[in-house]
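Thank you all for coming. I would like to take a few minutes to walk through two parts of one structure, so please have a look at it with me.

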Amino acid sequence: MYDLNQIQKDFPILAQTMYDGQKLVYLDNAATTQKPYEVLKAIQEHYAYDNANVHRGAHYLSNRSTQRFEWAREVVRDFLNAGCTEEIVFTHGTTESINMVASGLPETWFRAGDAIVVTEMEHHSNLVPWQMLCKRLGLELRILHFCDDGMLHLDELDSLMDEHVRFVSFCHVSNVLGTVNPIEKIIKRAHDVGAYVLVDGTQAIQHIPIDVRTLDCDFYCFSGHKVYGPNGIGVLYGRKEVLSQLNPIYFGGEMVDEVSLQDTTFGKLPYRLEAGTPNYPGAIAMAIALQYITKIGICEIGHHEAALMDYAQDQLSQICGIQIYGSPEKRIGSVSFNLKGIDCYDLACMLDKMGIAVRAGSHCAQPVMAHYGVSGMARASFAMYSSEAEIDTLCCGIQRISKIFSRR
Ligand code: PLP
């Protein structure tokens, strides 16, 4: 039984009222998710009882803190079904994870004329680092486009994937369109031509069970704050054989083996990719968040959210003057739209006055906006605690705004 009522009670922020007493309707979960009591308690308890820097101290608290940090790594490993904890690198979030890969790949992997493939629907975090790498090494950046329905143009794979492709990086789920991409198919096509693959799982991991070994990707990354965990913590999973070839891009304490005045040898995985004091309180709280997801059940969450998405699409599409972007076969998490004659920022601001939080703008995906010829979109995005009643409130709100504008 999916106890939505109880789940909502677990997130204290949701009980708030806005402005003149409107109940908060939080539909900006793709930007960041709210945190359950268990995560808030874990952060407080860590600082109240366990805090000491990890991997350094010879004292009791440092050992306890280290044990909790390494326990968190094991929780992440288990959540992803990775082969070992050496494959789990803690970062500050997806953006850092992708930059670490794009900047840390050995230059010897690439020859003049080689190519990298990304899709047209990437968040800037999974586009700009590859643009920079291509400019630096003189590589070609190839783009897998999507159709107006929001689904990737898989036919293009035939012309895109050849022996020049060294790396393929794409999102599991689009942060604008909510499209769930057929990642197994793309990973296989990339591997068939000898390319390595990174999957940006930022908008997937909170909705879909992930098994990195079954997916057979080389890298998978996500941010803690999108999985009901704290900000400033994230994960880079890398298949050990590939991760061990990645050069560190940050240098300093913790990541070294031997240091002389003139030279340094680096330590073992994953520590050689975690220079400096890691965000161990964040890692521990993120692990608690992942355990919370497991307690509710990731499949149960997925079913609840899939039903909500069907309901949302159905209700939104009945609003006069609305344009919903894309109609992918599988959509999860996010749905983006515009209302005829109203700027998306005005729409979001007016909804906000009704207590409804949605995002407006380019969603850090300007090429997606360019595809549809708009400068911005409004986006409603759902989480495990979202409800049909909230979707009704959103749709009523949009209808009220539509009426106000039509009278002008
Ligand atoms: N990739 C996708 C698909 C995203 O939706 C986001 C953030 O919204 C990111 C990457 C960047 O995540 P972060 O800002 O947590 O690093």
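This is a predicted model: local features need pLDDT of at least 70, side-chain atom pairs count only at pLDDT 80 or more; totals for chains, interfaces and linings use all residues.

What does Cys 221 touch, once residues up to four places away in sequence are set aside? Its contacts include Thr 94, Ser 97 and Ile 98, then the run of Leu 198, Val 199, Asp 200, Gly 201 and Thr 202, and also Val 235 and Leu 236. To place Cys 221 against another part of the chain, take Leu 127, which is 94 residues apart from Cys 221 along the chain, with a separation of 14 Å between the two C-alpha atoms.

Let me now turn to a sheet. Four strands form an open sheet in the order E13-E14-E17-E16, and their pairing is antiparallel. At the edges are strand E13, residues 322-324, and strand E16, residues 359-361, each of which pairs on one side only. On average, neighbouring strands of this sheet are turned by 30° against each other, with direction ignored.

Finally, which helix lies across strand E14, E16 and E17? That is helix H12, residues 344-353, which runs at about 160° to E16.

Key: Residues are numbered from 1 along each chain as its sequence is written. Side-chain values use heavy atoms; hydrogens and water are left out. Contact means heavy atoms within 4.5 Å. Two strands pair if DSSP finds at least two bridges between them. Helices (H or I, at least four residues) and strands (E, at least two) are DSSP runs, numbered from the N terminus. Axes are lines fitted to C-alpha atoms, for helices over the stretch in contact, and angles run from 0 to 180 degrees between N-to-C directions.
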